[in-house]
Amino acid sequence: MPAQQKKLLFCTAGLLSLACALGAAAAVGSQLWVRGSILCSTGALLVNASGPELHKFIGAIQYGLFSGQRVRQCGLGGRPLQFSFFPDLLRIIPASIHVSVILFCTVLIVFALVGAGFFMFNAFGSPYETLHGPVGLYLWSFISCSCGCLIMILFSSEVKIHHLSEKIANFKEGTFTFKTHSEQFANSFWTILVCSLVHFLNALLIRFAGFEFPFSKSKESGTVTGAVDLMY
């Protein structure tokens with residue numbers, strides 16, 4: 001591939017990595033990871049609410065990795081409440097999973113920035129066969145993509161398997177019991193998915209630039225050597 005096309009591919013990949021780092025950083029600080037509605041089941045059962053009356057007992061909830069807000073709705077109008085994961089909710093949530101999600105988000109941002117720098121270095125500098133070259137580009141892209149996948153798996157399990165929204169809604173609620181009425185992942189969660197796909201795309205761009213995947217050359221050379229040995 002001509003040098004100008006390689007430079008264009010590496011610049012594109014570098015800009016994509018930088019955009020992923022900024023997007024992931026914005027996602028970590030936002031409250032748009034989960035958005036849903038919560039039902040005040042105790043109040044609904046007391047008045048035997050159904051149909052249009054049930055909406056008087058359905059509030060809203062949204063949260064991110066550090067904080068969130070919910071509207072407590074028990075038939076007498078909405079009451080907005082703010083909450084924070086640290087340190088308020090640490091006793092009721094799966095703290096190890098939640099901290100792991102934040103840790104992998106940090107790793108994703110760091111390696112996306114590292115990848116962006118090395119892509120630019122390979123586009124305008126003189127790379128050589130070490131971590132500064134194509135091997136390093138594959139490595140940074142693989143780590144970033146893997147971190148994005150782990151973030152999505154861990155956070156999905158925290159929300160769906162451990163019923164995170166219900167635990168938050170019932171925090172410090174002595175009289176009323178709340179249940180999840182509807183729940184969906186919001187923009188920040190899907191931003192992490194886009195970041196993972198972009199880093200996978202970056203690995204393909206490296207391959208299109210004419211650089212083999214790591215260890216493919218060694219396998220080919222080993223096959224040739226074995227064939228030569230058989231000849232003798």
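Author: The model is predicted, and every value here is computed from it. The protein chain holds eight helices and five strands, which from the N terminus on run α-β-α-β-β-β-α-α-α-α-β-α-α. Buried residues account for 40% of the 232 residues, and among contacts between residues at least 6 apart in sequence, 70% join residues at least 24 apart.

Reader: What makes H1 and H7 roughly antiparallel to each other?

Author: The axes of helix H1 (residues 3-29) and helix H7 (residues 187-208) cross at roughly 165° and come within 9 Å. Angles over 145 degrees count as roughly antiparallel, and the angle of roughly 165° lies over that cut-off, so H1 and H7 are called roughly antiparallel. Their crossing is left-handed.

Reader: Which residues of H1 and H7 meet, and how do they divide by class?

Author: On the H1 side the contact includes Leu9, Phe10, Ala13 and Leu16, and on the H7 side the residues include Ser188, Thr191, Ile192 and Cys195. By class, the contact of H1 with H7 has 14 nonpolar, six polar and no charged residues.

Reader: Which residues of H1 are buried, and what covers them?

Author: Among the buried residues of H1 are Leu9, Phe10, Cys11, Ala13 and Gly14, and Ala27 and Val28 belong to the list as well. The elements that cover the buried residues of H1 include helix H4 (95-124), helix H5 (134-161) and H7.

Reader: Why is H4 called roughly antiparallel to H5?

Author: H4 and H5 pack with their axes 8 Å apart and at an angle of about 155°. Since the cut-off for roughly antiparallel is over 145 degrees, the angle of about 155° makes H4 roughly antiparallel to H5. H4 passes H5 in a left-handed crossing, and the residues of their contact divide into 20 nonpolar, eight polar and one charged.

Reader: Why is Ser188 called buried, whereas Phe176 is called partly exposed?

Author: Buried means a relative accessible area under 20%. Ser188, which is found in helix H7, has a relative accessible area of 6% and is therefore buried. Leaving aside residues up to four places away in sequence, Ser188 touches Ala27, Ser30, Leu32 and Trp33. Phe176 sits in the loop between helix H6 (164-169) and strand E5 (178-185), and its relative accessible area of 23% falls between the cut-offs of 20% and 50%, so Phe176 counts as partly exposed.

Reader: Which residues does Phe176 touch, and how far apart are Phe176 and Cys40?

Author: Not counting residues up to four places away in sequence, Phe176 touches Cys40, Thr42, Gly43, Arg72, Cys74 and Asn170. Phe176 and Cys40 are 136 residues apart in sequence, yet 6.8 Å apart in space, C-alpha to C-alpha.

Reader: What makes the phi of His163 and the phi of Lys172 worth a remark?

Author: Most residues other than glycine have a negative phi. His163, which follows H5 and is found in the loop between H5 and H6, has a phi near 50°, a positive value. Lys172, in the loop between H6 and E5, has a positive phi near 60°. As for accessibility, the 46% of His163 lies between the cut-offs of 20% and 50%, so His163 is partly exposed, whereas the 73% of Lys172 is over 50%, so Lys172 counts as exposed.

Reader: How do you know that the peptide bond that joins Phe86 and Pro87 is cis?

Author: Omega is about 0° for the bond that joins Phe86 and Pro87, and this bond is a cis peptide bond. Most peptide bonds are trans. Pro87 is found in helix H3 (residues 85-89).

Key:
Residues are numbered from 1 along each chain as its sequence is written. This is a predicted model: local features need pLDDT of at least 70, side-chain atom pairs count only at pLDDT 80 or more; totals for chains, interfaces and linings use all residues. Side-chain values use heavy atoms; hydrogens and water are left out. Axes are lines fitted to C-alpha atoms, for helices over the stretch in contact, and angles run from 0 to 180 degrees between N-to-C directions. Helices (H or I, at least four residues) and strands (E, at least two) are DSSP runs, numbered from the N terminus. Angles under 35 degrees count as roughly parallel, over 145 as roughly antiparallel, 65 to 115 as roughly perpendicular and the rest as oblique. A crossing is left-handed if the near helix is turned anticlockwise from the far one by less than a right angle, and right-handed if clockwise. Contact means heavy atoms within 4.5 Å. Ala, Val, Leu, Ile, Met, Phe, Trp, Tyr, Cys and Pro count as nonpolar, Asp, Glu, Lys and Arg as charged, and the others, Gly among them, as polar. Buried means under 20% relative accessible area, exposed over 50%, partly exposed in between (1.4 Å probe, protein chains only).
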